[in-house]
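Here is my note on the model you sent. Please read it with the structure open.

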Amino acid sequence: MGIQRTPAGHVWGGPFGPPHFVINLFEIAPRRGIIDRKQGRETREVVLLEAIDAMKTRRSIRLYEEKAVPREMIERIIDAARLAPSANNIQPWEFIVVTDPGTRKKIAGLTDYGKFIAQSGACVAVFAKDVKHYLEDGSAATENILLAAHALGLGTCWVAGYRKTYGAPVAELLGVPEGFNLVALISLGYPAERAEPHGKRDLSEVLHWERF
Ligand SMILES: Cc1cc2nc3c(=O)[nH]c(=O)nc-3n(C[C@H](O)[C@H](O)[C@H](O)COP(=O)(O)O)c2cc1C
């Protein structure tokens, strides 16, 4: 069975087994690989393909349908976020999901380039405890959110949070205690635009073997 695409852009199936949504492969396949040693290698190959496909087809979305995102979907996305790597496995992150339109409008108004947060069904504010590698840790979790949301057919855009003057007012608005830094604000919702793949630097330009 070959790889197939649904109209929403999800990838189905593959040569190794019954169809799964991308998100199912993220969640199920690693466990299967451990339990079913005979199938393990094949399963890992499928995971690789589907995960890379999600990376290849994700795009920033800045136009959203006026539609609430179901709580279960948001929980699955944040569940993926918390699995990100972090230095010494400290996991310094906290995720504040804002669905209230009034609060989203206030957040949007505070940002420089995130006015669309007022229109998306939800906004995830990624804060991290002020530990040494909080920025890398928080960024890894943020990327997990972008990919998990995309795998579920939702759109996102990473809105800068690091060292932004609006970090403190956003923290105050959301009742974040002292000692946490804003890493990112993520708009999350049903896409109302079909963003075409756009220019990424070519592999041959960025890949260096052994030396720069
Ligand atoms: C650290 C960071 C900060 C960003 N800040 C903003 C922002 O404030 N507003 C915005 O519209 N997009 C923002 N973006 C999204 C980028 O513009 C986008 O990722 C880039 O243009 C590449 O497009 P793509 O995400 O579709 O691949 C940010 C992305 C990153 C990684």
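Predicted model: local features only at pLDDT ≥ 70, side-chain atom pairs only at ≥ 80, totals over all residues.

The points below go from the overall fold to the sheet, its helices, the core and the ligand site.

1. The chain contains seven helices and six strands, and their order along the sequence is β-β-α-α-α-β-α-β-α-β-α-β-α. Of the 212 residues in the chain, 33% are buried. Among contacts between residues at least 6 apart in sequence, 73% link residues at least 24 apart.

2. The sheet. An open sheet is built from four strands in the order S3-S4-S6-S5, with antiparallel pairing. Strand S3 (93–98) and strand S5 (155–160) are the edge strands; each has a single partner strand, so one side of each has no neighbour in the sheet. On average, neighbouring strands of this sheet are turned by 25° against each other, direction ignored.

3. The S5–S6 pair. Strand S6 (residues 180–189) pairs with S5 in the antiparallel sense, over six bridges. Within this region, Thr156 stands opposite Leu188 of S6. As a reminder, strands of a sheet pair through backbone hydrogen bonds, either parallel or antiparallel.

4. Helices on the sheet. Helix H4 (residues 101–110) lies across S3, strand S4 (122–129) and S6, and runs at about 115° to S3. Helix H5 (residues 134–151) also packs on the sheet, where H5 touches S3, S4, S5 and S6. The direction of H5 makes about 10° with that of S6.

5. The nonpolar core. The largest nonpolar core comprises 39 residues. Cys123, Ala125, Val126, Ile145 and Ile186 have the most contacts inside it. At least two core residues come from each of helix H3 (71–81), S3, S4, H5, S5 and S6. The biggest contribution is that of H5, with eight residues.

6. Contacts of Ala125. Which residues does Ala125 touch, not counting residues up to four places away in sequence? They are Ile96, Val98, Val170, Leu174, Leu182 and Leu185. Ala125 is also one of the core residues with the most contacts inside the core, as listed in the previous point.

7. The ligand site. The residues surrounding the ligand are Arg59, Ser60, Arg62, Tyr113, Gly114, Cys157, Trp158, Val159 and Ala160. By class, this shell has five nonpolar, two polar and two charged residues. Cys157, Trp158, Val159 and Ala160 of the shell fall in the range of S5 (155–160), an edge strand of the sheet.

How values were computed
Residues numbered from 1 in each chain as written. Near = placed C-beta within 6 Å. Nonpolar A, V, L, I, M, F, W, Y, C, P; charged D, E, K, R; others polar. Buried ≥ 20, exposed ≤ 12 C-beta atoms within 10 Å, placed from the backbone. Contact = placed C-beta atoms within 7 Å. Pairing = 2+ DSSP bridges. Axes fitted to C-alpha atoms, helices over the stretch in contact; angles between N-to-C directions. Core = buried A, V, L, I, M, F, W, Y, C linked by C-beta atoms within 7 Å.
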